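Hi everyone, thanks for making the time. Let me put the sequence and the structure up, and we'll walk through a few places together.

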Amino acid sequence: MANRGAAIKHLLLRNTEEIIDHPHLERVLLSGKKLRVKHGVDPTGDKIHLGRAISLWKLREFQDLGHKIVLIIGDFTAQIGDPSDKLEKRPFIAKIQIERNMKNYLPQIGKILDLKKAEIRYNSEWLSRLNFRDVSDLAELFSVAQILERRNFQERWKKNKEISLRELMYPLMQGYDSVAVKADVEIGGSDQLFNLIAGRKIQERYGQEPQDIMTTKMLLGLDGRKMSTSWGNVVNTSDSPDEQFGKIMSMHDSEILNYFELTTDAGEEKIRTHKQTLTAGKNPKPIKEDLAGEIVRRYHGTEAAEKARSKFEKLFSKKEVPEELPEIKSKKKVAAIDLIASLDFIKSRSEARRLIEQGGLEVSGMAKKDPKEIINFHGGEVLRVGKKRFFRVKV
């Protein structure tokens with residue numbers, strides 16, 4: 001019981017931003033009652049980054065305590081587009097694109113959750129059946145003023161940016177998901193709080209007990225800005241060990257401790273020790289290496305983490321790369337061939353293509369052999385062109 005109590009304490013405190021209703025949830029967890037814990041993911045892209053994985057790891061904690069995870073793949077809501085924390089109107093996403101994105105979703109989630117024990121649902125199952133009267137009944141529960149109180153809508157309103165009625169209705173759909181699966185608890189990022197609360201209100205409308213809510217802390221990108229795939233400042237759960245290690249080593253020092261807390265299972269004592277070291281102004285490189293190793297181990301295993309670290313050290317610590325590197329300017333997203341063809345010492349696109357295909361291009365130790373590959377930069381990456389030319393990327 002002592003171990004279970006410690007696990008529940010960790011569940012409620014580590015990486016959580018807000019819990020509604022905290023006393024109720026803690027009491028139910030300690031009672032031993034088995035809960036239906038809901039989490040929804042909209043496949044608006046084909047990869048899951050470390051920021052989205054925070055909620056998934058929280059689900060894993062519930063799963064390890066014996067609770068039923070209800071994972072909702074938002075194949076319907078992804079087409080509509082969640083406006084949470086978005087300062088521009090989200091476009092419709094074609095159904096065929098959603099289907100492409102979903103192909104690799106479950107294998108990525110399976111790195112974290114035991115999918116055999118989870119209940120996996122697709123919200124088109126019930127949302128596509130609602131008629132206009134059903135939607136009107138849901139809409140009656142909220143006023144326009146309530147929805148416009150959301151920070152991102154206020155900012156768009158002040159800047160005279162368009163807000164679609166479709167976006168205003170997204171919380172109704174996510175909230176109805178909770179009714180459809182009879183959720184006891186719902187987990188989401190802190191930007192999802194309005195949608196999660198909507199779920200409580202809609203459940204009461206349908207005669208269900210309102211779900212408890214747990215929001216997780218948000219993770220910034222490698223460059224200290226909001227994490228965004230379109231900005232290329234993300235680490236994905238499906239990235240190779242070398243990619244994960246290299247990306248972490250190029251991140252802003254200011255985010256090291258946040259990444260330790262939010263993306264690893266490192267103990268509080270280790271994090272506290274690293275904080276003291278950084279506060280004392282000592283070299284952050286060994287701590288970054290430890291962080292990168294922890295992340296690679298979590299998704300690829302101990303052996304892969306050791307190999308990635310060894311490769312990185314060989315490349316960057318044993319003078320294979322000069323300490324002082326000339327800068328090369330690049331866009332955030334650029335095709336490999338366009339990047340190399342723009343260099344002064346490359347005479348033609350044909351030469352650039354041959355060099356890439358023969359393994360003459362590496363980004364932070366990762367070979368890029370497809371001339372058409374779109375490379376995402378956030379700044380600070382080390383570029384090797386040919387055998388002995390090295391550059392540091394400036395976005």
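Start with Asn15, which sits in the loop between helix H1 (2–13) and strand S1; helices here are DSSP runs of H or I with at least four residues, strands are runs of E with at least two, and both are numbered from the N terminus. Phi of Asn15 is near 70 degrees, a positive value in a residue that is not glycine. The peptide bond leading from Ile20 into Asp21 is cis, and its omega is near 5 degrees. For context, most residues other than glycine have a negative phi, and most peptide bonds are trans.

A quick word on where this comes from: it is a predicted model, where local features need pLDDT of at least 70, side-chain atom pairs count only at pLDDT 80 or more, and totals for chains, interfaces and linings use all residues. Residues are numbered from 1 along each chain as its sequence is written, and side-chain values use heavy atoms, with hydrogens and water left out.

Next, the aromatic rings. How many aromatic pairs does the structure hold? There are four, counting rings of Phe, Tyr and Trp (its six-membered ring) whose centres lie within 6.5 Å. One of them joins Trp57 and Tyr299, at 6.1 Å centre to centre with 65 degrees between the planes, so it is edge-to-face (over 60 degrees; under 30 is stacked, the rest tilted). Trp57 belongs to helix H3 (residues 50–64) and Tyr299 to helix H17 (residues 285–300), so this pair links parts of the chain 242 residues apart.

Now please look at helices H15 (residues 256–263) and H16 (residues 268–279), whose axes come within 10 Å and cross at roughly 175 degrees. The axes are lines fitted to C-alpha atoms over the stretch in contact, with angles from 0 to 180 degrees between N-to-C directions. That makes H15 roughly antiparallel to H16, the word for angles over 145 degrees. On the H15 side, the contact (heavy atoms within 4.5 Å) is made by Ile256, Leu257, Phe260 and Glu261. H16 brings Lys270, Ile271, His274, Lys275 and Leu278.

Last stop: Phe245, Phe312 and Ser364 are among the residues that line the largest cavity. A cavity is a set of points on a 1 Å grid over the protein atoms alone where a 1.4 Å probe fits but cannot get out, and lining residues have an atom within 4 Å of a point. H18 (302–316) and H14 (241–249) each supply at least two lining residues, and H18 gives the largest share, four. Thanks, everyone!

Technical notes. Parallel < 35°, antiparallel > 145°, perpendicular 65-115°, else oblique. 1 Å grid on protein atoms, 1.4 Å probe; cavity = no way out; pocket = protein on both sides within 12 Å on 5 of 7 lines; lining within 4 Å.
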